Amino acid sequence: MERAAPDRPRSVLAERTLVLNRSWIPIHLTSVRRALVMLFHHAAVAVEPDTYSTYDFEQWLRVEPPPGTRIVRTPNRVIAVPAVILLSNYDRLPGCTVPFSRRNLARRDAHRCQYCGRRQATDQLTIDHIVPRSCGGGTGWTNCVVACIPCNRKKGCRTPEQAGMKLLSTPRRPDWSLVLAVESGDGAVLAKFQGRGGLASRAVGA
Ligand SMILES: [Zn+2]
């Protein structure tokens, strides 16, 4: 981890910490600053991702940060940056938390035009309303896909059937973990807890 910059606490505080609910399911990312505030207020405990050990704030302060790991310096101590925190009293499963936006739609569709399959930069992709808005089609996850400009032009104000075009996949509301996966700085840590979360989510009937 060469890029660790212990002498720049501001940037470390703005980095991301993975948040788990009480069932150990990843629910979102927060800033290191917010994660430490939550630890301080006992709203969460820190999790050591390799051992799954948990630490309350006082215990966490006594954790010696291994050399090269991210730290926060205060005037009188050095605090290890928690990569993962576990909420103490928040049990709700994440619902439809991925905001609908062109960027997230492009992520869901893997930046591929959903008609011809060509991969494009986000700014070269348009939002296609499968059932056109002029025919009452809504703007949302299940009626929108990304399409390249030529395909969108070709389809025009028609349904795919009317235009003789076929969708590559059935559009669905994306899994909330999509955004986590993309934005999480440490994919390995996330994958680890997604495995645990998957078990937990089945147990609670999610
Ligand atoms: Zn296309």
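Mentor: H42 is found in the loop between α2 and β3. Helices (H or I, at least four residues) and strands (E, at least two) are DSSP runs, numbered from the N terminus. This is a predicted model: local features need pLDDT of at least 70, side-chain atom pairs count only at pLDDT 80 or more, and totals for chains, interfaces and linings use all residues. Residues are numbered from 1 along each chain as its sequence is written.

Trainee: What is phi of H42 near?
Mentor: Near 60 degrees, a positive value in a residue other than glycine. Most residues other than glycine have a negative phi.

Trainee: Is H42 buried or exposed?
Mentor: H42 is exposed, because 12 other C-beta atoms lie within 10 Å. The cut-offs: buried needs 20 or more other C-beta atoms within 10 Å of the residue's own, exposed means 12 or fewer, and partly exposed is in between, with C-beta atoms placed from the backbone.

Trainee: How much of the protein is buried?
Mentor: Of its 206 residues, 25% count as buried.

Trainee: New topic. What is the strand order in the open sheet?
Mentor: The five strands run β2-β1-β7-β3-β4, with mixed pairing. Two strands pair if DSSP finds at least two bridges between them.

Trainee: Which strands stand at the edges?
Mentor: β2 (26-31) and β4 (53-55). Each has a single partner strand, so one side of each is left without a neighbour in the sheet.

Trainee: How do β1 and β2 run?
Mentor: They are antiparallel, and five bridges join them. L18, for one, has L29 in β2 as its bridge partner.

Trainee: Which helix packs on the sheet?
Mentor: Helix α2 (residues 32-40), which touches β1, β2, β3 and β7. Contact here means C-beta atoms, placed from the backbone, within 7 Å.

Trainee: Which residues touch the most other members of the largest nonpolar core?
Mentor: L20, L39, V45, V47, V84 and I85, out of 23 residues. Such a core is a set of buried Ala, Val, Leu, Ile, Met, Phe, Trp, Tyr and Cys residues joined through C-beta atoms within 7 Å.

Trainee: Which element gives the most to this core?
Mentor: α2, with five residues.

Trainee: And what is L39 in contact with?
Mentor: Leaving aside neighbours within four places in sequence, L39 is in contact with A44, V45, A46, F57, W60, P82 and I85.

Definitions and conventions:
Contact = placed C-beta atoms within 7 Å. Axes fitted to C-alpha atoms, helices over the stretch in contact; angles between N-to-C directions.
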